[in-house]
Amino acid sequence: MPADGGIGASTKRREDVRFLTGNGNYTDDINANGQAYVYFLRSEMAHAKINGIDTSDAEKMDGVIRIFTGEDFVEVGGVPCGWEVTDRFGNAMQEPRHPILAHGKARHVGDPICAIVAETLEQARDAAEAIELDLEELPAVIDMKSALAKDSPKVHDELESNLCYDWGFVEENRDAVDEAIKNAHHVTTLELRNNRLIANPMEPRVAIGMFDRTTDEHTLYTTSQNPHVIRLLMGAFVLGIPEHKLRVISPDVGGGFGTKIFHYAEEAFCTFAAKAVNRPVKWTCSRSEAFVSDAHGRDHVTKIELAMDKDGNFLALRTDTHANMGAYLSTFAPSVPTWLHGTLMAGNYKTPLIYVNVKAVFTNTVPVDAYRGAGRPEASFQLERVIDKAAHEMGIDPIELRRQNFITEFPYATPVAVEYDTGDYNATMDKMIEIADLAGFEKRAAESADNGKLRGIGVNCYIEACGIAPSNLVGQLGARAGLYESATVRVNATGSISVMTGSHSHGQGHETAFPQVIADMLGIDASQVDIVHGDTSKVPMGMGTYGSRSLAVGGSAMVRATEKIINKAKKIAAHLLEASEGDIELKDGQFTVAGTDKSVAWGDVTLAAYVPHNYPLEDLEPGLEETAFYDPANFTYPSGAYACEVEVDPETGKVTIERFSAADDFGNIVNPMIVDGQVHGGIGQGIGQALLEQAVYDDDGQLISGSYMDYAMPRADDVPFYTVDHSCQTPCTHNPLGVKGCGEAGAIGSPPAVVNAVVDALRRAGQDITHIDMPLTPSRVWQAMQS
Amino acid sequence: MTQVTMTVNGKAVSGEAEGRTLLSQFLRDGLGLTGTHVGCDTSQCGACSVHVNGKLVKSCTMFAIEADGAEVSTVEGEADEDGTLSTIQQAFQEHHGLQCGFCTPGMVMATKSLLAENPKPTEAEIRAYLSGNICRCTGYHNIVKAIMAASGQDVSAIAAE
Ligand code: FES
Ligand code: FES
């Protein structure tokens, strides 16, 4: 059993107390002395030429300090993209400039055109109404396939077309895959859309820029998942501010889910404007504004073909995807449909030949980037849906078809360039069958039938690659930065510890879970350890939190730094105990000379490290603080098997989730309670994607679902209790904790389970239905049943 | 600007408000009670929930001047003076009913009024009652569980925590 408060304990979260009492410190809770407010006047047209901007009346209005337009930023860098994809012909992707404020053209509804800085937000808003915009509406490019037509209007006039890249992977396999598909006994084909989503963390984005004239230092408070990345991108590529003059702070952040990874124009604006007007400048995004300015997620249109032999063995897989980039390239956008998607197309299966083609397309919509899972949910969804259809077509049980194609030997090198280190897909499948009580399904289906409802069951597997990422590898794949993580462990004189970590916590509970690891290693109480994160002036470097990387990468850095601490502390203890270093053992916070009862406590050693009377000064520097950088050797590969049971009301098409079960393999677990919570949250979002959520644009590029009235967020009565289990554990072999990451699994594994279940329910009712596109709203399901 | 006076968490307070100042704004910017959060601008998310004269209210749907003379309670008034968490707060911590914490003040205030109206709500009653409060982090599982626990119900049979 785990030591109390150490690795494996469901320690209650210490951060909860401040959140439960209203004492959280979110960015919007911060106000600077003398701060001014900015309001962004955004384009209401999806595509428009900016012929003129008349701010003269607005400038005279009460409280207006200054009005900025795109002209003010022509000398300033644009919002940079952090990943360059090379297309299948060896050419770099097309990469348009993304100005801080629109210049020349506005390219999506929500593109900021003017920024009004005023004494109060109300005054800024009032002044915005007095600005006269002379916009000439241009035809909007919305549908991806039409965007690629020769005669399509262009989102960026300076580019050749609306095609960002045409990516093929693995290009050398292309012909072999074509051939295998042509000659196969059976090919199952499915066309589907992975619906466009909006991440919607409950805290909207906020930025406060400050400038100190005495030191020339800029400070930016921002709702970011990775303040150091913002410092790097904004400092180096946008505003030209060296790191030692730029401090970025992300205090308590109210959820991220990917959309708070990216560097946004508003952050750069507030930083720039604070110096220009010599006042702190604060921006608080309204929810309506968030809908048209936070990067969206997903939005893939895919055709997938799975070739099998007569026994159902997978022979080849071919996919053809159009991926929406929106109007500009957001920070990680190009990597999502490529390296975070194509490399996962093997799934849990030993398909020998795979070819993935992705055309990334510019449209007059909000930029699209990573949202919880990022690329991996798109991969899992199409694969698990096509397998379900294949099982039906081949007359093989869907679970058996999966099992017979499972990868069972590890390490396993997939044909899509990654190597799975560990996994046991049969184990998670067995566990899922048990916790989902599949044996009891028929009985429950009969009960549903008695109530006039159609019951269905959907199962699926998933795999993801997280613990992002091996720097060298991602560099070869186009990442413009390595993706290691760092940690500094500072032991204070009396033995308490501050850990400076580059990982950022915005709901994941690092303040509780990370100390559990250190407490376990040192044998001290976790309450002795505090986590410091989210401030570039306190934490030397960090790449932040996304891709379920915090514990696998950030935690590993912390372990390495703690190992260095232990090594040094042992040297000090050896000196104090007049023993040889090799004989010193650390257990339960005591350093003992092996085989004797001579020992010295943790606190005595730490005190000696700082204020010694008796210290080996010739051999050892005083002090006890160590930093480690950790670069993972590989991705980690969490996997699992999910089951969803639904009831469909044949009268209305309404789908109700009756049961949801998830059996995951996350490797080792530090805090099971937190892991469960992460899975619950992911499943909630996955059910949202499957049943409720969709960002809808009309042909003119207006976002129809631009508020919570129209964009259906999952609510408490849309979801059931979930049954989750992570007792199947095949520890990661290449990080010191053996952990794999759990943040995205639920969102990756759940959408196919839901759709498989609904299709199953309709099929059992005698309907010849093979697919319904998400979200499975009552009207879509009802219509499918009528056709 | 109008002078507005109200009792917030048992203390008489006053401040200036424009006619268009929302109660949520007044609490946050006027009184510095930033526990009340603003998550939307269409009265849909419930992050701003407070009690006004004992009733659950989304404080973004009410002007500050409408609350003149009212008794308002916010999440800051939930714990005891000495910091001891209320039963509801304890249950949320015990059952991991919060992650990022942004929806949490609204959830706590909604729970308080739910349990005042219905001391032993069923799962379905809890889910229905919370339909005005969005949480993006938890998938609601542990929120519902925490509320059942706060109402004294045995939650040990509810899967996984
Ligand atoms: S801020 Fe009041 S309901 Fe969303
Ligand atoms: S805990 Fe983050 S929104 Fe509920």
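# Close-up views of a predicted two-chain model

Figure 1. The size of an interface is often given as the accessible area lost when the parts come together. Here, 53 residues of chain B touch 56 residues of chain A. Four salt bridges are counted between chain B and chain A. One salt bridge pairs the side chains of A:Asp29 and B:Arg28, at 2.7 Å from N to O. Between chain B and chain A there are also 29 residue pairs in polar contact, both residues being at pLDDT 80 or more.

**Figure 2. The side of chain B that touches chain A.** Which elements give two or more residues to this side? They are helix H1 (23–30), helix H2 (87–94), helix H3 (104–117), helix H4 (123–129) and helix H5 (141–150) of chain B. H5(B) gives the largest share, five residues. Sorted by class, the side of chain B that touches chain A has 23 nonpolar, 20 polar and ten charged residues.

**Figure 3. Two domains within chain B.** In the contact, 16 residues of domain 1 of chain B meet 14 residues of domain 2 of chain B. The two domains of chain B bury about 1,100 Å² between them, 64% of it on carbon and sulfur atoms. How many salt bridges are counted between domain 1 of chain B and domain 2 of chain B? The count is zero. Polar contacts are found, however: six residue pairs, both residues at pLDDT 80 or more. On the domain 1 side, strand S3 (49–52) and strand S4 (55–58) of chain B each supply at least two residues. S3(B) gives the most, with three residues. This side of domain 1 of chain B divides into six nonpolar, nine polar and one charged residue.

**Figure 4. Domain 1 and domain 2 of chain A.** Chain A is assigned three domains: domain 1 (16–23 + 484–630), domain 2 (31–139 + 205–284) and domain 3 (296–469 + 634–786). This view takes in domain 1 and domain 2 of chain A. Their centres, taken over C-alpha atoms, are 39 Å apart. Domain 1 of chain A brings 16 residues to the contact, and domain 2 of chain A brings 18. Together they bury about 1,400 Å², 53% of it on carbon and sulfur atoms. Which three residues supply more than any other three of the area that domain 1 of chain A buries here? They are A:His504, A:His506 and A:Thr536, which supply 40%.

**Figure 5. Polar links between these domains of chain A.** Two salt bridges are counted between domain 1 of chain A and domain 2 of chain A. Ten residue pairs of these two domains are in polar contact, both residues at pLDDT 80 or more. On the domain 1 side, the touching residues are six nonpolar, eight polar and two charged.

**Figure 6. A salt bridge across the sequence.** Side chains of opposite charge can pair when their charged atoms come close. A search over all chains finds 55 salt bridges in the whole structure. One of them joins A:Asp157 to A:Lys105, with the closest N and O atoms 3.1 Å apart. A:Asp157 lies in the loop between helix H4 (144–147) and strand S7 (163–169) of chain A, and A:Lys105 lies in strand S4 (residues 105–106) of chain A, so the pair ties together parts 52 residues apart in sequence. A:Asp157 is partly exposed, at 49%.

**Figure 7. Salt bridges along two helices of chain A.** In helix H10 (residues 398–405), A:Glu400 and A:Arg403 sit three residues apart, about one turn of the helix. Their closest N and O atoms are 3.9 Å apart, in a salt bridge. A:Glu400 is partly exposed, with a relative accessible area of 41%. In helix H12 (residues 441–450), A:Glu447 and A:Lys443 are four residues apart, again about one turn. Their side chains meet in a salt bridge at 3.7 Å, N to O. A:Glu447 is partly exposed at 41% relative accessibility, while A:Lys443 is exposed at 61%. A network of salt bridges with shared partners joins A:Asp437, A:Arg444, A:Arg455, A:Glu645, A:Glu647 and A:Arg659.

Terms used
Residues are numbered from 1 along each chain as its sequence is written. Chains are lettered from A and ligands numbered from 1 in the order in which they are written. This is a predicted model: local features need pLDDT of at least 70, side-chain atom pairs count only at pLDDT 80 or more; totals for chains, interfaces and linings use all residues. Side-chain values use heavy atoms; hydrogens and water are left out. Domain bounds come from an automatic or database domain assignment. Contact means heavy atoms within 4.5 Å. Buried area is the accessible area (1.4 Å probe) that two parts lose on being put together, summed over both. A polar contact is a pair of N or O atoms within 3.5 Å; within protein, one must be able to donate a hydrogen and the other to accept it, and residues adjacent in sequence count only if both atoms are side-chain atoms. Ala, Val, Leu, Ile, Met, Phe, Trp, Tyr, Cys and Pro count as nonpolar, Asp, Glu, Lys and Arg as charged, and the others, Gly among them, as polar. Buried means under 20% relative accessible area, exposed over 50%, partly exposed in between (1.4 Å probe, protein chains only).
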